[in-house]
Amino acid sequence: MSVSQLIEEAYTGLKSLVIGLGVTGKALTQPGVTVLYPMEEVARDNLASFRGHVELVGKDEDPAVPKCVACGACVKACPSDCITILCPIPAKEGEAGGEVKMGPAPQKGSKTPGAVYVDFSLCSLCGQCAKTCPVDSLKFSDNPYMVRFDRKEFRIDLLARLKRLAKEDGE
Ligand code: SF4
Ligand code: SF4
């Protein structure tokens, strides 16, 4: 290798080192985007585009009651089979009234769900359910700290969650 080639190679190496240090220096002076969880938590206003598990949207006039009309469209749209919506099964003619039986939505005459569950351990966060809902009753939650020891604990009772959040917001 000639002297001029060596000088050229050294120049190129030095140049890329300076450029790399410039990038590192610039990043060092920027505000941090990561936090030392669990000692710190991210600010909630930084989560506008975050997709947590799916959750129900309450009615404007009564936030504890979902907008959901129990049509079952989200259940059909979900590619991962992680949504369960149950409604009361109407009693047949002549059938004695007793314990109310529940069946998968939709059920004739039922416009309100009796139970709504999502299994977050199966969810791919594709958004098909929220996109399909005709009354905008599903959205993504903004909880980035959903940590569990048991897979079964990712099955979330969305009606109970909606009621709890509405109560907390009202306090
Ligand atoms: S986001 Fe996708 S995978 Fe998750 S519940 Fe909705 S449709 Fe199913
Ligand atoms: S698509 Fe919307 S309205 Fe229909 S069952 Fe699902 S959440 Fe309820």
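**Entry 1: Pro 134**

I began at Pro 134, which sits in the loop between helix 3 (128-132) and strand 5 (138-140). The model I am reading is predicted: local features need pLDDT of at least 70, side-chain atom pairs count only at pLDDT 80 or more, and totals for chains, interfaces and linings use all residues. Residues are numbered from 1 along each chain as its sequence is written, while chains are lettered from A and ligands numbered from 1 in the order in which they are written.

Is Pro 134 buried or exposed? I found it exposed, because 11 other C-beta atoms lie within 10 Å. The scale I used calls a residue buried if 20 or more other C-beta atoms lie within 10 Å of its own, exposed if 12 or fewer, and partly exposed in between, with C-beta atoms placed from the backbone.

Setting aside neighbours within four places in sequence, I saw Pro 134 in contact with Cys 71 and Ala 73. Contact means that the C-beta atoms of two residues, placed from the backbone, lie within 7 Å. I also looked up Met 1: it is 133 residues from Pro 134 in sequence and 72 Å away in space, C-alpha to C-alpha.

**Entry 2: The whole chain**

I counted 4 helices and 6 strands in the chain. In sequence order they read α-β-α-β-β-β-α-β-β-α.

Next I checked the overall dimensions. The C-alpha trace spans about 105 × 40 × 30 Å along its principal axes. The radius of gyration is 26 Å, whereas a compact globule of 171 residues would have one near 16 Å. That radius is taken over C-alpha atoms, and the globule rule is 2.2 Å times the number of residues to the power 0.38.

Buried residues make up 15% of the 171 residues. Of the contacts between residues at least 6 apart in sequence, 72% join residues at least 24 apart.

How many of the 27 residues of helix 1 are buried? The number is 0, so helix 1 lies largely in the open. I compared its length with the rule too: at 1.5 Å a residue, the 27 residues of helix 1 (residues 3-29) should span 39 Å, and the end C-alpha atoms are 39 Å apart, which agrees. The expected span is 1.5 Å times one less than the number of residues.

Further along, Met 39 lies in the loop between helix 1 and strand 1. I noted Met 39 as exposed, because 6 other C-beta atoms lie within 10 Å.

Which residues come closest to ligand 1? Of the 15 that surround ligand 1, the closest are Cys 78, Cys 123, Cys 126, Gln 128 and Cys 129. To be near, a residue must have its C-beta atom, placed from the backbone, within 6 Å of the molecule or strand in question. The shell around ligand 1 holds 11 nonpolar, 4 polar and no charged residues. Nonpolar covers Ala, Val, Leu, Ile, Met, Phe, Trp, Tyr, Cys and Pro; charged covers Asp, Glu, Lys and Arg; the others, Gly among them, are polar.

Ligand 2 has 14 residues around it, and Cys 68, Cys 71, Ala 73, Cys 74 and Cys 133 come nearest. I sorted that shell as 11 nonpolar, 3 polar and no charged.

**Entry 3: The core**

The largest nonpolar core has 20 residues, of which Leu 56, Ile 83, Cys 129 and Leu 158 touch the most other members. Strand 1 (54-56), strand 2 (83-88), strand 4 (115-119) and helix 4 (158-170) each give two or more residues to this core. Such a core is a set of buried Ala, Val, Leu, Ile, Met, Phe, Trp, Tyr and Cys residues joined through C-beta atoms within 7 Å.

Not counting residues up to four places away in sequence, Ile 83 touches Cys 74, Val 75, Cys 78, Val 118 and Cys 129.

**Entry 4: Backbone details**

Ala 70 is in the loop between strand 1 and helix 2. Its phi is near 55°, a positive value in a residue other than glycine. Ala 70 is buried, because 21 other C-beta atoms lie within 10 Å.

Asp 81, in the loop between helix 2 and strand 2, also has phi near 55°. Asp 81 is exposed, with 9 other C-beta atoms within 10 Å.

Last, I found a cis peptide bond from Ala 105 to Pro 106, with omega near 0°.
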